[in-house]
2 protein chains.
Amino acid sequence: MHIVYLNGDYVPKSAAKISVYDRGLLFSDAVYEVISVIGGRLIDMGRHVARLERSLGELSINAFADWSAVAQKLVADNDLDEGLVYLQVSRGVMEERDYRWPAPETAPTIFAFAQERSLLENPMATRGMRIITRSDLRWQRCDIKTTQLLYASLMKMEAEAAGVDDVWMTRDDLVTEGTSQNAHIISHDGILISHQLDRRILPGVTRIEMLTQAKSMGLTVEERAFSIDEAKDAAEAFVSSSTLLIMPVIEIDGHKIGDGHPGERTGKIRQSYISAVQGRPSTET
Amino acid sequence: MHIVYLNGDYVPKSAAKISVYDRGLLFSDAVYEVISVIGGRLIDMGRHVARLERSLGELSINAFADWSAVAQKLVADNDLDEGLVYLQVSRGVMEERDYRWPAPETAPTIFAFAQERSLLENPMATRGMRIITRSDLRWQRCDIKTTQLLYASLMKMEAEAAGVDDVWMTRDDLVTEGTSQNAHIISHDGILISHQLDRRILPGVTRIEMLTQAKSMGLTVEERAFSIDEAKDAAEAFVSSSTLLIMPVIEIDGHKIGDGHPGERTGKIRQSYISAVQGRPSTET
């Protein structure tokens, strides 16, 4: 993984450097996407591009590139079989630091890199994730995929300190999402409950395909927020994200979910999700 | 302003570049300070260093430097008479992107630059600031001076679009602060009201000295949050920040404060603040 895309060029990792005056660095004025790669193919690239363009639009950042071509070239040049492509866009460099935006014609800073990671053979799919819950103190536009990830990072470290895998965050006693995954439960009467799309959660690309697969398996889907207690009482719990794909949750705040093993329907959703995304062109939306 | 400090070196602006893998860029895992410079002297450097070290401590970022020496050299090398020194510290570079922190021995990324700006002769001190109010949607650790400034930047643009100077943000109908200033009012019975120090506001360096000056002028100080209505009914309103110093507010949401002109006591506080900070060694805490 040595070739990095930077503002139109493909450069060695060591040359992938940007100005300290970049607004991504000074104001977190930047958005990003993480696209998973399986068998050398980009998964759900079209939906990632759509979400990136939405994020850019919400912040009025003018940036255009052939995002798919960039990602595909990084996969090829880095000989990536399984892992991810990370893509970030900031409002660009502004040598006089100012909260106000620079002129609209200012060139954005665009970079992307590839990273190897085992996605299909993740041991967590068999053993399940253990979760703790914490208050969601992030900003209130979590629907925009910005680089303001400090709180999520702090929570990830809190999970590590507690000896568990991740944190589910809550607002008004309702679960919003994990540090970098959408959170879902399946009730004892077979209803899949997933937070509605609003400003409290990221509209997960994996979540879209997951819901499609769950419905085709006959599950009823309710898009609404659920409480920690509802989650603890659920039959199954799981998360979805581009790099974890579908991952079972077996414990929340020390309380076992179901029989304390990865849920059966969760396992089926994971399998049908993987089959679905592998079975179609990578640039399909 | 052509010499920039970067990880121990003083380099030309064009060479001040950092890796795209810096955690400041990928996770907003970074804190900063802005120190004002008047007459070639750093104002309140000791307090800025104390706050920087607190921010670093809250995030467990290990970074040590002779911050004062760096700032002083930037002032000297850039021949800066009036303006600011900006200083940023991130958790460092991590080539495998991960929410979890890198090993504690990872070198932080430290950079600093100087910027010219007219501080004493700001026309706003005579004409006063016009303010609108908006919900405070930032994260809930605003006491840590992180680079997660996107919402503040968006609000600054909203002020510009509305033809005013800034936004005061509110939580639970109480004013927290401006986009990059602490907010204060003076009631008709001569009480200076300023938000208490908690997680909702930045503990302003200028605010400390401002409160000292206000008390020495005989004003009673109440450290508590105030509502928008209370602000509108106030005799005077003003903000404090390192680069605005003390700045009168004459209008909130179209409503004139007092007689619609900069308040008399605000003017006195500004003058005594300026005299106080100019009259002592720049490294004094």
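In which sense do strand β3 of chain A and β3(B) pair, and over how many bridges? The legends below refer to a predicted model.

**View 1. Pairing of strand β3 (residues 17-19) of chain A with β3(B).** The two strands run antiparallel and are joined over 3 bridges. Within this pairing, A:K17 has B:S19 of β3(B) as its bridge partner.

**View 2. The contact between chain B and chain A.** Chain A contributes 54 residues to the contact, and chain B likewise contributes 54 residues. About 5,100 Å² is buried between the two chains, with 61% of this area on carbon and sulfur atoms. The interface holds 27 residue pairs in polar contact, counting pairs with both residues at pLDDT 80 or more. On the side of chain B that touches chain A, at least two residues come from each of β1 (3-6), β3 (17-19), α1 (23-27), β4 (30-38), β6 (83-90), β7 (109-116) and α5 (150-161) of chain B. The largest share of that side, 8 residues, is supplied by α5(B). Sorted by class, the side of chain B that touches chain A consists of 25 nonpolar, 17 charged and 12 polar residues.

**View 3. A salt bridge between B:E160 and A:R100.** The side chains of B:E160 and A:R100 meet at 3.8 Å, N to O. Across the interface of chain B and chain A, 4 salt bridges are found.

View 4. Neighbours within four places in sequence aside, the contacts of B:R171 in chain B are B:D136, B:R138, B:W139, B:Q140, B:C142, B:T176 and B:R200. B:R171 is also in contact with A:Q140 of chain A. The B:R171 side chain reaches the backbone oxygen of B:R138 at 3.0 Å. From B:E53, B:R171 is separated by 118 residues in sequence and by 27 Å in space, C-alpha to C-alpha.

**View 5. An open sheet of 6 strands in chain A.** The strand order is β2-β1-β7-β6-β4-β5, and the pairing is antiparallel. At the edges stand β2 (9-12) and β5 (41-42) of chain A; each has a single partner strand, so one side of each has no neighbour in the sheet. Strand β1 (residues 3-6) of chain A is joined to strand β7 (residues 109-116) of chain A by 2 bridges, and these strands run antiparallel. A:L6 lies opposite A:F111 in β7(A).

How values were computed:
Residues numbered from 1 in each chain as written. Chains lettered and ligands numbered in written order. Predicted model: local features only at pLDDT ≥ 70, side-chain atom pairs only at ≥ 80, totals over all residues. Heavy atoms only, no water. Contact = heavy atoms within 4.5 Å. Buried area = accessible area lost by both parts, 1.4 Å probe. Polar contact = N/O pair within 3.5 Å; in protein donor to acceptor, adjacent residues only side chain to side chain. Helix = DSSP H or I, 4+ residues; strand = E, 2+ residues; numbered from the N terminus. Nonpolar A, V, L, I, M, F, W, Y, C, P; charged D, E, K, R; others polar. Pairing = 2+ DSSP bridges.
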